[in-house]
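This briefing gathers what can be said about one structure, topic by topic. Please read it with the sequence and the model side by side.

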Amino acid sequence: MATTDLAHELARTLKESDQFKQFLKSKEKVMSDANNHKMVREFQLKQWEIREAQMLEQEVSEEKQQELERLYSLVSINPTAREYLEAEFEVSCMVNDIQKIIGEAIQDAMPIGFEEINP
């Protein structure tokens, strides 16, 4: 079987997985309610803003941290929003695992300069 055929089979398998189906179902529930959609969106945008600052090694203000905590509290007590975030996390973990497996398999194919340096 060709490599691209296997990739397409993997994509189909992911789409047919219980985790992905649950994610789509919970996403639809969130999207169908404007308040839930707004709450999840605000939480994720604030989360992204803080992660981006941390990756750039910028200081995150106490105010931003508290805002994220406030939004997390709201999301965590809302069953629909919480279910969506949990389902999103499961799919994300599944995709990360696959990326790790593929990355390890092609480690020797990395261009010069990207290989692991052993002193």
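**Aromatic pairs, pocket and salt bridges**

Tyr72 counts as partly exposed, because its relative accessibility is 48%. The model is predicted, and a search of the whole structure finds 3 aromatic pairs. The structure also holds 6 salt bridges, and about 420 Å³ of space lies in its largest pocket.

**Aromatic rings**

- Phe20 and Phe23 form a tilted aromatic pair, with 6.0 Å from centre to centre and 40 degrees between the planes.
- Both Phe20 and Phe23 belong to helix α2, which covers residues 18–31, and they sit 3 residues apart, or about one turn of the helix.
- The two residues fall on either side of the 20% limit under which a residue is called buried: Phe20 is partly exposed, since its relative accessible area is 22%, while Phe23 is buried, since its relative accessible area is 12%.
- Phe43 and Tyr72 form an aromatic pair that is likewise described as tilted, with a centre-to-centre distance of 6.1 Å and an angle of 40 degrees between the planes.
- Because Phe43 lies in helix α3 (residues 34–55) and Tyr72 in helix α4 (residues 62–77), this pair ties together parts that are 29 residues apart in sequence.
- Within the second pair, Phe43 counts as buried because its relative accessibility is 5%, whereas Tyr72, at 48%, counts as partly exposed.
- Ring pairs also link Phe20 and Phe23 with Tyr84, so that these residues form a cluster.

**Largest pocket**

- The largest pocket, with about 420 Å³ of space, is lined by 14 residues, of which Gln44, Gln47, Arg51, Leu85 and Glu88 are the closest to its centre.
- Helices α3, α4 and α5 (79–105) are the elements that each give two or more residues to the lining of this pocket.
- Helix α5 provides the largest share of that lining, namely 6 residues.

**Salt bridges**

- Within helix α1, the side chains of Arg12 and Glu9 meet in a salt bridge, with 3.0 Å from N to O, and the two residues are 3 residues apart, about one turn of the helix.
- Glu83 forms a salt bridge with Lys29, in which the closest N and O atoms are 3.6 Å apart.
- Since Glu83 lies in helix α5 and Lys29 in helix α2, the pair ties together parts that are 54 residues apart in sequence.
- Glu83 is partly exposed, with a relative accessible area of 25%, and Lys29 also counts as partly exposed, at 38% relative accessibility.
- Glu49 forms a salt bridge with Lys64, and here the closest N and O atoms are 2.9 Å apart.
- This pair links distant parts of the chain, with Glu49 in helix α3 and Lys64 in helix α4, 15 residues apart.
- Glu49 is partly exposed, its relative accessible area being 30%, and Lys64, at 34% relative accessibility, counts as partly exposed too.
- Salt bridges that share partners join Glu49 and Lys64 with Lys46 into one network.

**Nonpolar surface patch**

- Leu10, Ile102 and Ile106 form a nonpolar patch on the surface, and together they have about 240 Å² of accessible area.
- Leu10 is placed in helix α1, which covers residues 3–16, and it counts as partly exposed because its relative accessibility is 33%.

**Loop between α3 and α4**

- Ser61 lies in the loop between α3 and α4, where it is partly exposed, with a relative accessible area of 31%.
- The C-alpha atoms of Ser61 and Ile50 are separated by 9.2 Å, and the two residues are 11 residues apart along the chain.

How values were computed:
Residues are numbered from 1 along each chain as its sequence is written. This is a predicted model: local features need pLDDT of at least 70, side-chain atom pairs count only at pLDDT 80 or more; totals for chains, interfaces and linings use all residues. Side-chain values use heavy atoms; hydrogens and water are left out. Patches are made of residues with over 30% relative accessible area and no salt bridge: like charges are joined within 9 Å, nonpolar side chains (Val, Leu, Ile, Met, Phe, Trp, Tyr) within 5 Å. Accessible areas come from the Shrake-Rupley method with a 1.4 Å probe; for residues, only the protein chains shown count as cover. A salt bridge is a side-chain nitrogen of Lys or Arg within 4 Å of a carboxyl oxygen of Asp or Glu. Helices (H or I, at least four residues) and strands (E, at least two) are DSSP runs, numbered from the N terminus. Buried means under 20% relative accessible area, exposed over 50%, partly exposed in between (1.4 Å probe, protein chains only). Rings of Phe, Tyr and Trp (its six-membered ring) pair if their centres lie within 6.5 Å; planes under 30 degrees apart count as stacked, over 60 as edge-to-face and the rest as tilted. On a 1 Å grid over the protein atoms alone, a cavity is a set of points where a 1.4 Å probe fits but cannot get out, and a pocket is an open set with protein on both sides within 12 Å along at least five of seven lines; lining residues have an atom within 4 Å of a point. Grid points are joined across faces, edges and corners, and a volume is the space filled by probe spheres set on the points.
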